[in-house]
Amino acid sequence: MNLRRTPEEERFRDEVRAWLAENLPRDGGRPAFTESDDMGEWMAFLKRWQRGLSDAGWAGIAWPKEYGGRGAGINEQLIFTEEMARAKAPNLINISIGIELVGPALMHHGTEAQRRRYLPKILSAEEIWCQGFSEPGAGSDLASLQTRAEMDGDYFIVTGQKVWTSWAEFSDHCILLARTDSSAPKHKGISCLLVDMRSPGITVKPTMQITGETEFSEVFFDGVRVPRENLVGEINLGWTVAMTVLMHERGTSAIGYQIRLRSELDELMELAKSVERNGLPASDDPLIQQKLAQSYIEVEILKYNIYRGVAQIARDGKPGPESSIIKLFWSEMDRRQKAVAMELLGLRSQLVKGSKHAVDHGRWQRAFLWSRAGTIYAGSSEIQRNIIAERVLGLPRG
Amino acid sequence: MDFAFTSEQEMIRGQAAEFLRRECPMNLVRRVMASEHGQSDELWGGMAALGWMGLVFPEEYGGAGLGFVELAIVLEEMGRALAPGAYFSTVLLGGLALMEAANEEQKQRWLVPLAAGKLKATLALSEAEERFGPEGIALKAERRDGGFVLNGTKLFVPDAHLADLIICAARTSGASKTDEGVTLFAIDRACDGLKLTPLKTMDETRRLYEVSFEQARVAPDCALGNAGGGWPVIAKILDLAAIGLCAEMVGGARRVLEMCVEYLKTRVQFGRPIGGFQALQHRTADMLLLVESAKSAVYAAACAAGDNSSETPLLAAIAKAYTSDAYAWIAGEGIQLHGGMGFTWEHDAHLYFKRAKADEIAFGDATHHRARVAEMIGLTREAGIPDQEKVDQEKVRSAG
């Protein structure tokens, strides 16, 4: 056990660092990728950026070469993600759905034709994916989903409604779970389909979030025809596909969250020196010092949790449900950290973008609101605790 | 980078766990607790036979020359077993102090028998004014007749009654409250003028003593290292000891969680095992999160200590802050989840609860270490409001 980088790892890191220094888009020396209010404009920028990464072989570092990847290991993936975050480079677009969900689903359960057709275009960002899992009546209890897919010759006819679908407006494809056998027990009648988002019968209705943004949508399917060849894995075994991808290690992307949390903390520490409480810098207040130090401690430990998880995967080749611990940890600490940010800013913490006196264009209140999403999406904190108790600790099912 | 244990390290863990399962079951722990001295010679002899006292010391002193990570592994298993006795005080306090501060002749004289399990030692640091920095050391050592005379009182000295050698931090020069003028002395427990008074504590697996010195004469060759230059060494030992203690705490926390999970699977109420109730499941999930995160913190700190990295103080403070909170909370849940049984003397939950409390406050609690983290990451102002103590130090320096 050690925390020393090998010379090969250092060479790889230097290579990533040099490429980023050369290729990060800049405008007169300043970073030229401030997130735009216009989602379409921002998406177009991200696609161009990822195309460059992909051409240089940086997208899909641990993916096999035949699908456009680099064919390297999880350690290289970790280093790459760290360097991207450290350079504050815009993240890979569609990473949480296309790269980390559709990718493993097709690599584990897809046909060779599906892999060749879809995987390279995920890495090059030519095609964007969304995820059609949750429904109004199927959130944490995902297996109770009601969207139907009925066979009609060489097609499935899909009818139903999905919710909380991120990036639906900008997506080319959707990885969908639908019921193909309503007489079977609920986990055994579900199939996984790849749906072209331009198919007739699909309606996307953006949903406004508590931040005022519309990153996710409701998606309605009304008799949508999906070719049979778009079935992933076997019919009625879609639950297995869903579990593979939901359990798929997100350890290397968690390092991205870790570095974001760390860099936000660094900014908060600076902020604490510039804002005043009772006529003195807030950073002189021992209570504020304790809270910021606690956040620092948690963020650093998150890093070592991730390193340990990654080293275990590199050894066993297999992720376990322990990734639930990492998800639970970062999402909960994000909430604690943003609460400290709000406390630091006092009355000004409530001011939103565009308001007079707003600090940093209201970014901390936006981050504060967003921190309420992390403990809900991709399996709420409560679901993560169920998984830990039942699958890791082996307690009886509730 | 490979932040996973090697197969050799896994083997060390397996052997340690197996030895402690056989030689240090809970009925032995309870027997030793009830005994006068809180020590089992058989257990000590078994550990010595395995080479544990010399594990981390170089081969030239009869040690095995293994690293701090290996030491942390063994400590973790000892904490899990709630192993009683003078291992921690001898190796982590006495042994590391000798390793860091003693000259060659002193190492041959004391470290060699210590590494062989033939000499026990401890460190006397705390005093009535409870502070963990150099300002906490006021016990006076005056030069007289070519040697030193010590006067003063040390508190909370672990296993002083078992130690052949008591290593004591004293002031040989300099104004009190500065980091200069602190010297470490290796003192024979049988020395005239040295008096031990047992302190009765909650955690009976580990004994604490008041050690007082009244005109105690100490030979000049018992001073370790440069006279007056002892504080940096003590600061280093405190970091290493804190990391070692955290390893024990992680082991204890693991054991409490194991006991709870076992109980929740078998205890039936309302017609079903209570482990099926989410209110309790979620508590155990949070316990596991804390255990795993504390492990990561401790292993990272142990790696840094083994590499003699400049990050060691920060990682030690991170580990001690986090693990102190984590073990205290987990050990409390250990009582709560066992219900009425958990509040009985017969059940082991309280033994871990008491050890967790003692460990939490040893070498500084979470609040103390968070304040250290705040200082090390630059949150406190060095150049801000002039600190009266620092001004005084400057005056002493320019005058001296």
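Two residues are in contact if their C-beta atoms, placed from the backbone, lie within 7 Å. This is a predicted model: local features need pLDDT of at least 70, side-chain atom pairs count only at pLDDT 80 or more, and totals for chains, interfaces and linings use all residues. Residues are numbered from 1 along each chain as its sequence is written, while chains are lettered from A and ligands numbered from 1 in the order in which they are written.

**View 1. B:Cys24 and its contacts.** B:Cys24 sits in the loop between α1 (7–23) and α2 (26–34) of chain B. Helices (H or I, at least four residues) and strands (E, at least two) are DSSP runs, numbered from the N terminus. B:Cys24 is buried because 24 other C-beta atoms lie within 10 Å; the cut-offs are 20 or more for buried, 12 or fewer for exposed, and partly exposed in between, with C-beta atoms placed from the backbone. Leaving out residues up to four places away in sequence, B:Cys24 touches B:Val29, B:Leu43, B:Ala81 and B:Ala83. B:Ser40 is 16 residues from B:Cys24 in sequence and 9.6 Å away, C-alpha to C-alpha.

**View 2. Strand β7 of chain A and its partners.** Six of the seven residues of β7 (residues 190–196) are buried, so the strand is largely enclosed by the rest of the structure. Strands pair if DSSP finds at least two bridges between them. Seven bridges join β7(A) to β6 (residues 173–179) of chain A, antiparallel. A:Arg179 has A:Ile190 as its bridge partner. Two bridges link β7(A) to β10 (residues 231–232) of chain A, also antiparallel. Here A:Leu193 stands opposite A:Leu231.
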